[in-house]
Amino acid sequence: MVGFFTVVIAVNVTMATVASRSFGGTVVDNSYVASQRFNRWLDEAAAERKLGWTVGADRVGDRAEIHLHGTRGALADASVTAVAQHPLGRQPDRPLRFESEGNGQYRSIQTLPPGRWRLRIEVRNGNDAARFVDEVPA
(Lines give C-alpha, C1' and ligand atoms only; values in the text may rest on other atoms or scores of the structure.)
Protein backbone atom coordinates (compact mmCIF):
# COMPACT_ATOMS: atom_id res chain seq x y z
CA MET A 1 0.00 0.00 0.00
CA VAL A 2 2.90 2.36 0.76
CA GLY A 3 4.35 1.62 -2.68
CA PHE A 4 1.04 2.42 -4.39
CA PHE A 5 0.71 5.82 -2.72
CA THR A 6 4.39 6.57 -3.36
CA VAL A 7 3.82 6.01 -7.09
CA VAL A 8 0.64 8.14 -7.09
CA ILE A 9 2.36 11.02 -5.28
CA ALA A 10 5.45 10.79 -7.52
CA VAL A 11 3.29 10.95 -10.68
CA ASN A 12 1.31 13.92 -9.32
CA VAL A 13 4.47 15.84 -8.42
CA THR A 14 5.99 15.10 -11.84
CA MET A 15 2.86 16.21 -13.72
CA ALA A 16 2.54 19.39 -11.63
CA THR A 17 6.19 20.25 -12.28
CA VAL A 18 5.89 19.72 -16.05
CA ALA A 19 2.66 21.75 -16.18
CA SER A 20 4.05 24.71 -14.25
CA ARG A 21 7.25 24.85 -16.33
CA SER A 22 5.44 24.80 -19.67
CA PHE A 23 2.63 27.25 -18.87
CA GLY A 24 3.16 30.41 -20.90
CA GLY A 25 0.93 32.75 -18.91
CA THR A 26 -2.67 33.81 -18.66
CA VAL A 27 -5.13 33.89 -21.52
CA VAL A 28 -6.68 37.11 -20.21
CA ASP A 29 -5.48 39.20 -17.30
CA ASN A 30 -8.96 40.04 -15.99
CA SER A 31 -11.76 37.60 -16.82
CA TYR A 32 -14.49 40.04 -15.68
CA VAL A 33 -13.33 42.76 -18.08
CA ALA A 34 -12.99 40.17 -20.87
CA SER A 35 -16.56 39.01 -20.28
CA GLN A 36 -17.80 42.60 -20.64
CA ARG A 37 -16.06 42.91 -24.03
CA PHE A 38 -17.06 39.49 -25.35
CA ASN A 39 -20.10 40.56 -27.41
CA ARG A 40 -18.13 43.40 -28.99
CA TRP A 41 -15.40 40.91 -29.93
CA LEU A 42 -18.01 38.67 -31.56
CA ASP A 43 -19.37 41.61 -33.58
CA GLU A 44 -15.86 42.58 -34.69
CA ALA A 45 -15.14 38.99 -35.74
CA ALA A 46 -18.35 38.87 -37.81
CA ALA A 47 -17.41 42.14 -39.55
CA GLU A 48 -13.91 40.78 -40.27
CA ARG A 49 -15.37 37.59 -41.80
CA LYS A 50 -17.60 39.70 -44.10
CA LEU A 51 -14.48 41.30 -45.60
CA GLY A 52 -13.48 37.90 -47.01
CA TRP A 53 -9.77 38.42 -46.44
CA THR A 54 -7.46 35.43 -46.11
CA VAL A 55 -4.00 35.49 -44.58
CA GLY A 56 -1.17 32.99 -44.61
CA ALA A 57 2.12 33.33 -42.76
CA ASP A 58 5.44 31.75 -43.66
CA ARG A 59 9.16 32.17 -43.01
CA VAL A 60 11.56 33.26 -45.73
CA GLY A 61 15.10 33.23 -44.40
CA ASP A 62 15.12 35.19 -41.14
CA ARG A 63 11.96 37.19 -41.94
CA ALA A 64 8.25 36.52 -41.59
CA GLU A 65 6.17 36.75 -44.75
CA ILE A 66 2.42 37.36 -44.97
CA HIS A 67 0.28 36.42 -47.98
CA LEU A 68 -2.85 38.58 -48.02
CA HIS A 69 -5.80 38.15 -50.39
CA GLY A 70 -9.32 39.52 -50.51
CA THR A 71 -12.43 38.66 -52.47
CA ARG A 72 -11.14 40.77 -55.40
CA GLY A 73 -7.61 39.35 -55.39
CA ALA A 74 -4.40 40.40 -53.67
CA LEU A 75 -4.47 43.31 -51.22
CA ALA A 76 -1.49 45.37 -52.30
CA ASP A 77 -2.10 48.65 -50.43
CA ALA A 78 -2.72 47.32 -46.95
CA SER A 79 -0.89 48.26 -43.77
CA VAL A 80 0.28 45.11 -41.99
CA THR A 81 1.65 44.81 -38.46
CA ALA A 82 2.02 41.83 -36.16
CA VAL A 83 3.21 40.71 -32.79
CA ALA A 84 5.26 37.51 -32.81
CA GLN A 85 4.68 35.44 -29.68
CA HIS A 86 6.61 32.36 -28.68
CA PRO A 87 4.04 29.54 -28.21
CA LEU A 88 5.28 28.69 -24.73
CA GLY A 89 6.17 32.24 -23.69
CA ARG A 90 9.85 31.41 -23.33
CA GLN A 91 10.94 34.40 -25.43
CA PRO A 92 9.61 37.96 -25.25
CA ASP A 93 6.99 39.16 -27.73
CA ARG A 94 8.39 40.84 -30.83
CA PRO A 95 6.50 43.59 -32.68
CA LEU A 96 6.84 43.31 -36.47
CA ARG A 97 6.13 45.79 -39.24
CA PHE A 98 5.76 44.65 -42.82
CA GLU A 99 6.49 46.20 -46.19
CA SER A 100 4.78 45.23 -49.42
CA GLU A 101 6.62 42.94 -51.82
CA GLY A 102 3.76 43.21 -54.34
CA ASN A 103 0.95 40.85 -55.29
CA GLY A 104 -0.40 40.60 -51.72
CA GLN A 105 2.92 39.55 -50.17
CA TYR A 106 4.38 41.43 -47.22
CA ARG A 107 7.78 40.80 -45.63
CA SER A 108 8.72 41.81 -42.10
CA ILE A 109 11.25 44.59 -41.66
CA GLN A 110 12.50 43.07 -38.40
CA THR A 111 14.15 39.66 -38.23
CA LEU A 112 12.44 36.71 -36.58
CA PRO A 113 14.60 34.31 -34.52
CA PRO A 114 14.54 30.59 -35.38
CA GLY A 115 11.77 28.46 -33.92
CA ARG A 116 7.99 28.38 -34.01
CA TRP A 117 6.17 31.68 -33.54
CA ARG A 118 2.51 32.63 -33.33
CA LEU A 119 1.75 35.84 -35.23
CA ARG A 120 -1.10 38.09 -34.11
CA ILE A 121 -1.59 40.00 -37.35
CA GLU A 122 -3.47 43.25 -37.88
CA VAL A 123 -4.34 44.35 -41.41
CA ARG A 124 -5.75 47.76 -42.34
CA ASN A 125 -6.91 48.67 -45.83
CA GLY A 126 -8.68 52.02 -46.01
CA ASN A 127 -11.41 52.05 -43.36
CA ASP A 128 -11.44 48.26 -43.08
CA ALA A 129 -9.43 46.35 -40.52
CA ALA A 130 -9.08 42.71 -39.54
CA ARG A 131 -7.07 40.62 -37.12
CA PHE A 132 -5.70 37.14 -37.73
CA VAL A 133 -3.62 34.58 -35.89
CA ASP A 134 -1.27 32.25 -37.77
CA GLU A 135 1.77 30.12 -36.98
CA VAL A 136 5.18 30.58 -38.55
CA PRO A 137 6.98 27.23 -38.85
CA ALA A 138 10.41 26.69 -37.35
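Ile121 touches Val55, Ile66, Val80, Thr81, Ala82, Ala130, Arg131, Phe132 and Asp134, leaving aside residues up to four places away in sequence. Contact here means heavy atoms within 4.5 Å. The model is a predicted one, in which local features need pLDDT of at least 70 and side-chain atom pairs count only at pLDDT 80 or more, while totals for chains, interfaces and linings use all residues. Residues are numbered from 1 along each chain as its sequence is written, and side-chain values use heavy atoms, with hydrogens and water left out.

Let us look at the core next. Ile121 is among the residues with the most contacts inside the largest nonpolar core, which has 22 residues. Others in that group include Ile66, Leu96 and Phe98. A nonpolar core is a set of buried Ala, Val, Leu, Ile, Met, Phe, Trp, Tyr and Cys residues joined through side-chain atoms within 4.5 Å. At least two core residues come from each of β2 (63-70), β4 (79-85), β5 (94-102), β7 (117-125) and β8 (128-136). With four residues, β7 gives the most to this core. Helices (H or I, at least four residues) and strands (E, at least two) are DSSP runs, numbered from the N terminus.

Strand β2 also holds Glu65. Is Glu65 buried or exposed? Glu65 counts as buried because its relative accessibility is 6%; the cut-offs are under 20% relative accessible area for buried, over 50% for exposed and partly exposed in between (1.4 Å probe, protein chains only). The side chains of Glu65 and Arg107 are joined by a polar contact of 2.9 Å. Such a contact is a pair of N or O atoms within 3.5 Å; within protein, one must be able to donate a hydrogen and the other to accept it, and residues adjacent in sequence count only if both atoms are side-chain atoms. Among the residues that Glu65 touches are Gly56, Asp58 and Tyr106.

The structure holds one aromatic pair. Phe4 and Phe5 form this edge-to-face pair, with 5.2 Å centre to centre and 75° between the planes. Rings of Phe, Tyr and Trp (its six-membered ring) pair if their centres lie within 6.5 Å; planes under 30 degrees apart count as stacked, over 60 as edge-to-face and the rest as tilted.

| Residue | Relative accessible area | Class |
|---|---|---|
| Glu65 | 6% | buried |
| Phe4 | 54% | exposed |
| Phe5 | 44% | partly exposed |
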